[in-house]
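I opened the structure to look up its salt bridges. I wanted the atom distances and the exposure of each partner.

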Amino acid sequence: MIEYTSECDLLFCSEFIVWNVPWLQGAIDIYQQILEKGDDPEAITNLAIAFKKTTEYQAALPWFAKAVTLESAKPEVFYYYGQALQHSGSCEEAKIYYDQYLKLRPYDLRREQLENPCQELEKIADKAEDSYYVVKGLPINGPFDDLGPA
């Protein structure tokens with residue numbers, strides 16, 4: 001059983017995260033209300049992660065910038081910050097945070113990709129160009145053909 005130690009834990013517990021975007025949007029609103037009252041390290045970190053998980057990378061960047069300076073910053077925060085930077089087009093800056101993550105987690109299986117994020121981005125783009133398919137209708141099918149269980 002998970003013990004909840006603060007207001008933030010009830011919203012976004014790192015041991016059990018539901019990747020439900022509407023739920024995360026509600027959590028974002030609540031974290032912003034918490035941060036209006038004052039800085040809370042957990043709220044800062046969780047708000048950054050919630051923005052990232054809802055693909056709002058530009059909104060996540062300033063919160064990750066604060067989160068990585070916290071004493072309580074976990075290695076995953078550096079990794080997530082690197083991802084947000086990479087998705088925002090700053091792969092050189094992402095490399096800095098991936099390197100910090102790899103210092104804390106030296107045996108991560110993604111090491112090769114994280115050490116060269118710009119090259120990895122190019123590989124993904126190259127694969128995407130080769131991944132297009134053209135779907136054409138067959139001449140034996142007409143507008144009145146139906147697919148379904150027999």
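The entries below take the salt bridges in turn.

Entry 1. I noted that the model is predicted. I then looked up how many salt bridges there are, and the count comes to four.

Entry 2. I looked at E76 and R105, which form a salt bridge with their closest N and O atoms 3.1 Å apart. I checked where the partners sit: E76 lies in helix 5, residues 75-87, and R105 is in the loop between helix 6 (91-104) and helix 7 (111-115), so this pair ties together parts that are 29 residues apart in sequence. E76 has a relative accessible area of 29% and is partly exposed. R105 is partly exposed as well, at 36%.

Entry 3. I turned to helix 6, where K95 and D99 are four residues apart, a separation of about one helical turn. K95 forms a salt bridge with D99, and I recorded 3.3 Å between the closest N and O atoms. The relative accessibility of K95 is 28%, which counts as partly exposed. For D99 I also read 28%, again partly exposed.

Entry 4. I looked up the pair R110 and D108, a salt bridge whose closest N and O atoms are 2.7 Å apart. Which of the two classes, buried or partly exposed, does D108 fall in? D108 has 13% relative accessibility and counts as buried, because the cut-off for buried is under 20%.

How values were computed: Residues numbered from 1 in each chain as written. Predicted model: local features only at pLDDT ≥ 70, side-chain atom pairs only at ≥ 80, totals over all residues. Heavy atoms only, no water. Salt bridge = Lys/Arg side-chain N within 4 Å of Asp/Glu carboxyl O. Helix = DSSP H or I, 4+ residues; strand = E, 2+ residues; numbered from the N terminus. Buried < 20%, exposed > 50% of the residue type's maximum accessible area, 1.4 Å probe, protein only.
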